[in-house]
Every structure is written in C-alpha cells, then in structure tokens.
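Trainee: Could you show me how to read a helix and an interface in a model like this one?

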Amino acid sequence: MKILVCISHVPDTTSKINFNNELTEFDTNGVQFVINPYDEFALTRAIWFQEKQGAKVTVVHVGDASTEPTLRKCLAIGADDAIRIDAVPTDGFFVAQQLAEIYKQGEYDLILTGKESIDYNGAMVPGLLASFLDIDFVNACISLEIDGTTATAETEIDGGTETFTANLPLVVAGQKGLVEEKDLKIPNMRGIMMARKKPLSIVAPVEATAVTEIERFEKPAQKAACKMIDANDVDQLIELLHNEAKVI
Amino acid sequence: MSVLVFADTSEGIYKKSTLETVSYAKAISDLLGSELVAVSMNATDNTALQNYGANQIVNVQSASLNNKQYAATLTQIAKEKNSTVVVLGNNAIGNSVAPLIAAQLKAGYTSNVVAVPINTAPFTVVRKNFSGKAFGQTQILSEVKVIGLAKNSFGIVEKPTTATVTDFQATETNTTLASVSVDKNSGKIAIADADIVVSGGRGLKEASNFSLIEDLAEVLGAATACSKPVSDMGWRPHSEHVGQTGKPVAANLYIAVAISGAIQHLAGVNASKTKVVINTDPEAPFFKAADYGIVGDAFEVVPKLIEKLKAFKAENA
C-alpha cells in the first residue's frame, strides 16, 4: 500500500498572530513553524500502517525552500520519502491542483491529511482533491482501518459518530482521535540522522489558478474589562447573565 | 441567476443553525437582487423555509446520502437554477460537502464566513482564520461562489414569502462510500448545537469531579466540554475537547470552570457571545478574555451556582 500524506507548514499553536504591510501580510517574525497538528495526526496514522502493514509513506507539501525543515521532520518521524512542490501556495484550489498532479504520477492507494490547517482554516484541500480526482472522501475521520483494498473509517458527525466503508483509493481528512496524543512521535537522534539521507525531491508546480485572494487581515476587537463577581455572591452572576447579557 | 442554500434536517426538522444559514442566504440574495432557492433535505414540512425568505423550495427526499451524493445533487440543482452563490452552514455535513461542490462548479470556496459580503463586485467576504485569532477579508474571483457560514454569526431573521415547491430526485454518482452505522450521543446536547456550553479544565483534579460540570450543564440545558489536557489525559472523550485543535465553540454563553485559558483554548472559544470564568487563580489569562469572572474554588462556587440556578429556573419557568 502506498500512502500520500499531505502536509501543511503552519505557525505553532502558541504563536501570537500579527500582520505587516497595513494588515496585508502575516508577520512571521519570531514565529516557530510546525507540522500542521491535524496533518501530524494523519502522518502518525500513516506511520502506523507502515509499521504494522508494510505501507510506504510519502509526504508532500507545497511551499518554498524555507519550509523544508518541516518536511525533514516528517522524514525524521518515519516517512519514507518527501516531495516539495516548489511554489508559494496562493489558495486551496491552487494547492489541491498541485497535489492532484502528484497523486496521478504516483499511483497511491490512500491520501491521508488533516481536515484543515490551523493558519488559514480553509478546510477545503482534502475535499477539492477528492473531487478533482473523482475518488471518495471521508472528512473529520477519528478512526481508520485498512483491510486489503477496503477502508473502514469512523467520522465525527453533529451529535455523534458515523462509520463508513469504502474501497481504496480514498481521501481521508483526519482530526483528533485518529491517533492518541501519546502516539505522536518526537523525532529521536537516529530518526533525524536518517532523515538527512532520505529522498526529498523538489518538483516544479503545474499551472493552476487561484480562485480566492486574501485582501486584508483584521484582529478581533479588544474586549471590555471582565466584571469581577464575589465568590460568595453567585446571585449577582445569575442576575447579570439574565438582565445584562440576556443569555439565561 | 439565483442564490442556492442547503437546508439540511435532523430527523426531519430544520435545526436552528439551518434556519440561520437560510436567513443569511436570503440577505445575500437581497444584495444581489436574485431569487433564493432552498434545497430541502428530507424535511417533514418544508413550508417552514418560506418564513425565512425562500422563493423556491426544491424538495429532496432520499435514503441517507453520502457527501459525494449530496454534492452531486446540489451541483446539479445549482446548474439548473443558474446559481451564482451557493451557501452552506459550517456543520459536519456542510464542511464535507462544500469543497466537493466548489470543485465541481470551479467555484472559489470560503469557509467560516462571519457576515454578509462587504462588497459584491469584487465579491468580498470576511472569514475567521488563524483559528479565531484573526479575520481575513477574502475576494472570491470565480463566477460562482461557495460560502460556508460560521455558526452563530448572523442570527435567524424571519422574512415571510410564498415559495414554489418542486420535488427533485437525488443525483446518481459513482461511489463506494457506504454508511454502516450511526452512533448518536443520545440524551446529550451536541457542542455544535448548544446555546450554552459548560467546560471544565485540569483544575478539577480528576475525572470523577466532572459530575460538577455535568450537573451545572443539566440545570442550564447546556452541552459539556473540556480543555485539551483533560481530553489528553482521558478524563473526558475527545469529542468534548474545545479549542484550537478541538471543536470551535460559538455559543451564547460559555462557562469555563478551572480552565486557565491558554492561547490555544481562547482561540477556539472566543466566538462565544458571553464568557464566564471561574478560577482560583486571579492571574489566570482567561479573565482577560472573559465578560464575567469569579475568583474562587470551583468545588465551592459551582455547587452554590447550581443551587441558585435551580431556584432561578423554578421562579422563571
């Protein structure tokens, strides 16, 4: 089984978010970049299939040379090889078209990725990719098993879960639950050394057009100061929630 | 020209979030001066959509459809109705169907939109990004636009109309995806649907103490939630984890008990209208993001709050 894991390179979850050039550009100053957490769940599950079922795991990412440490980290965690599509991603449509091209060249059985990236939160690349390739799509996946050419996937739906079966090839967009937090791998020295020798190929992007464009960013409005209430006077809280906030 | 909106149902009934999505789509159709076409899925009574401005109701009755079948059906209707904007709610089904439709219609898709477009030419929307830490003004450059509406960002607006109703057969498509089982959290309120969410953190010390959170939620008719460390330690299921890598919360009232308010947690819950924080540490960062705060021990404050709320509910019932 060949698995293609799509990786996004995003600011660490603790990052303070600021913008430059009159709020038109994300300020990367002092920001630590990491593997998108949802993609890391997907990668970790892919490595499990590699260890238990002999799968080959290829990671792919659209980005310029500055994002390569993120791909090397994926290799250090255990991916067999990596592909970097040498382009600055413009929007989800552009990225999905690039990834579709890689899929077509590689005869993969499974595309595994996170349901969204934590920076632009487009939540569209997995679905676009499945639709461009005309293969089935499972979103918000919290458990995935593969038996031969059949996948069984549990997904989160509003107010519960739903389990599907599907034939490979398949696009699966994962989220928390796909693997446990404790299963996430921290690269060890051996993994880091091996990652240096694993193949990382750089490919040119195919022609593709973006269909959306971010014009400007805004930060949420500053909040008014918190009203403090005495711990012995919960009646006051109830009164405020009822009469002032009007939420109960 | 038309605006198309996906009106899904739960057990035959439109959820509040669906009515909000229809109200929002109506506002866009007013801006564009075009008709609103609502695609109703498995509703027992689709006339309800007339109250929220639908000019045409396309009624689809079908056994359970998967995301590809939903997308094929909506794409076909959008083409027949010459729709320039397709609106879905960012719930579980909307999230998986919207990108599939966008690919089929070669349309730009923006999820988590929080308001009516600020401009229709060029078509510009404001959406949440950086997991709620910022907003982005985004232009959709394609002829057809697909929009996902963030929950609780527009509200339900009644606009009575008289609609024409037509029946439509779900579109066939090649798919191997088959549903084998559905497991509903019966008797529990889903975080996505809840007006009020009560959430507990590591400060509650152990899993069994979450009975406090459950009791408070019960009095308020609220959903229960938790912070990331709590779900990582297995005190509560992952489905209750709210925050940047968990579920987003956009409730009317969010009560955080013994949660310090790490930046990742705040990012996921800051779309809630009113936030109440109960924490022993007056320096907890959550107080800076809250509307009402109590510095105190959850084990003393919450039982008192439950008792007083019961009395309040009895009086105001």
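Mentor: Let's begin just after α3(A), where A:Glu107 takes a positive phi of about 50°. Keep in mind that this is a predicted model, in which local features need pLDDT of at least 70, side-chain atom pairs count only at pLDDT 80 or more, and totals for chains, interfaces and linings use all residues. Residues are numbered from 1 along each chain as its sequence is written, while chains are lettered from A and ligands numbered from 1 in the order in which they are written.

Trainee: What span does helix α3 of chain A reach from its first C-alpha to its last?

Mentor: Helices are DSSP runs (H or I, at least four residues), numbered from the N terminus, as are strands (E, at least two). The expected span is 1.5 Å times one less than the number of residues. Helix α3 of chain A, residues 92-106, reaches 21 Å, close to the 21 Å expected.

Trainee: Which residues of α3(A) are buried?

Mentor: Buried means 20 or more other C-beta atoms within 10 Å of a residue's own, with C-beta atoms placed from the backbone. Among them are A:Phe93, A:Phe94, A:Leu99 and A:Ile102. The buried residues pack against elements of chain A, including β1 (2-6) and α4 (125-133), and against β7 (108-113) of chain B.

Trainee: How many residues of chain B are in contact with chain A?

Mentor: Contact means C-beta atoms, placed from the backbone, within 7 Å. Here 78 residues of chain B are in contact with 61 of chain A. Helix α3 of chain B (residues 92-104) gives the most to that side of chain B, with eight residues.

How values were computed:
A residue is buried if 20 or more other C-beta atoms lie within 10 Å of its own, exposed if 12 or fewer, and partly exposed in between; C-beta atoms are placed from the backbone. Two residues are in contact if their C-beta atoms, placed from the backbone, lie within 7 Å.
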